[in-house]
Amino acid sequence: MKFTQVLAESFRAMLANPMRTLLTMLGIIIGIASVVLMLAVGDGIKAFINKQLAVLGSNLVIVQADSRKAVGARLKTGSVQTLTLDDAEAINRLPSVTGAAPMLTTFSQISYGSDNSNNQVQGTTPVAFTIRNLRIAKGIALSDVDVASAARVAVLGKKVALQLFYKTDPIGQSIRIDNQSFQVIGVLDNEGQSFDVGDIGEVVMVPISTARVNLIRTPTARSVQYIVVQSKTTEGLNDMVADVTDLVRDRHRIRADDQDDFRIVNFGEFAKSGEAIATGLSIALGFVGAVSLVVGGIGIMNIMLVSVTERTREIGIRMAIGARPADVLWQFLIEAVSICLVSGIIGVALSAALAMAVTSTGKFEMAIGPKAVVIATVFSCVVGVFFGFYPARRASKLQPVECLRHE
């Protein structure tokens, strides 16, 4: 019997009892959809992490001013500023460091003409643009001259520039930050969430010296809130953290048995944690999918056994007119695989629709890749072969005479 004939017979048998076939397929559909969504969720989380790290910059850590214990209790982080520009300059000289950018941040009212908004203003140095992968869409970035002279210049995030200067070129225009005049010299091209200022498109960047003089009060003339540090290599990130820790402890004269007056936030650890979460979710969904596939496979085996019983006379007639046991085995095996394959296609379509619905919310991006489709197809075929083999073999072992006697 030709393969096309066997395939046609398989689909004819499936359509003979559509409701029973649909209920049989349901477990496989859910299982395949779970497996595909498992892969999509895992890939989506990893893509989200990589996207966020691209916004933050690679190989970055934050050295953040912390508080010492006071009267036996820890003060709120940031309530005591213990880091200085001198710390940043010393860190910048470490051989394991690409660059170190000191930071001061505050919320301020930004206005131009009759338009105004509240945005985060960040005082920093030119090094921040390099280590944080900040690109300039228009104009220029902050310079060392701007920092040295405490120039009242600003680089706007893309969304701030669009809000204040809808149809006007912002370069060279004057804005007011907390009622103080600043000249716009550049507009950022970056988008996305950052670790310290939220949406990078809504930030306003000014020289750190200007921020201290005009916008942000600090305990001393050289205090900073935190320092962003970049390692030269990903592999050397932990070594760089150790170097920075030792340096700052030495500069702050912290004894071996005393706690640090700073803390280091390692984004590489966040990435590892995120990937671990993604893997955990994938395993959990994969387990659900595996259980559904097993349940669906058992359902297929049960239905195929019932089908063998119902079609005993048909099997006998086929064998009586020349069908070999192998032909009968292939007939029922292909029926089982066909049910699973169709279920797999429906499962992939269902998971794709769910992924599109999640992506359309704009909060999380999920995409069904070719790898997921291939895995779903292979899983469907394997389940069909595994659970369909026993009923098919049982059908092929029937004797024609006994089959024809069957009522």
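Let's start with a definition: a residue is buried at under 20% relative accessible area, exposed at over 50%, and partly exposed in between, using a 1.4 Å probe and protein chains only. Keep in mind that this is a predicted model, where local features need pLDDT of at least 70, side-chain atom pairs count only at pLDDT 80 or more, and totals for chains, interfaces and linings use all residues. Residues are numbered from 1 along each chain as its sequence is written, and side-chain values use heavy atoms, with hydrogens and water left out.

Asn-133 counts as partly exposed because its relative accessible area is 32%. Its phi is near 55°, positive although the residue is not a glycine. Most residues other than glycine have a negative phi. You'll find Asn-133 in the loop between helix H4 (127-131) and strand S7 (136-139); helices (H or I, at least four residues) and strands (E, at least two) are DSSP runs, numbered from the N terminus.

Ala-150 is another one, with a positive phi of about 50°. That residue sits in the loop between H5 and strand S8 (153-156), and it counts as partly exposed because its relative accessibility is 26%.

H5 itself, residues 144-149, holds Asp-146. So what about its charge? Asp-146 is buried without a salt bridge, and the nearest side chain of opposite charge, Arg-152, is 12 Å away. A salt bridge here is a Lys or Arg side-chain nitrogen within 4 Å of an Asp or Glu carboxyl oxygen; Lys and Arg count as positive, Asp and Glu as negative, and His and the chain ends are not counted. Beyond four places in sequence, Asp-146 has contacts (heavy atoms within 4.5 Å) that include Ile-185, Pro-207 and Thr-210.

Now the inside. Of the chain's 407 residues, 48% count as buried. The largest nonpolar core has 43 residues, with Ile-91, Ile-175 and Val-229 touching the most other members. By core I mean buried Ala, Val, Leu, Ile, Met, Phe, Trp, Tyr and Cys residues joined through side-chain atoms within 4.5 Å. Helix H8 (residues 237-251) gives the largest share of this core, six residues. Val-229 also contacts Met-240 and Val-244, among others. A second, separate core of 28 residues includes Met-38 and Leu-329.

Last, the overall fold: 13 helices and 16 strands. Of the contacts between residues at least 6 apart in sequence, 77% join residues at least 24 apart.
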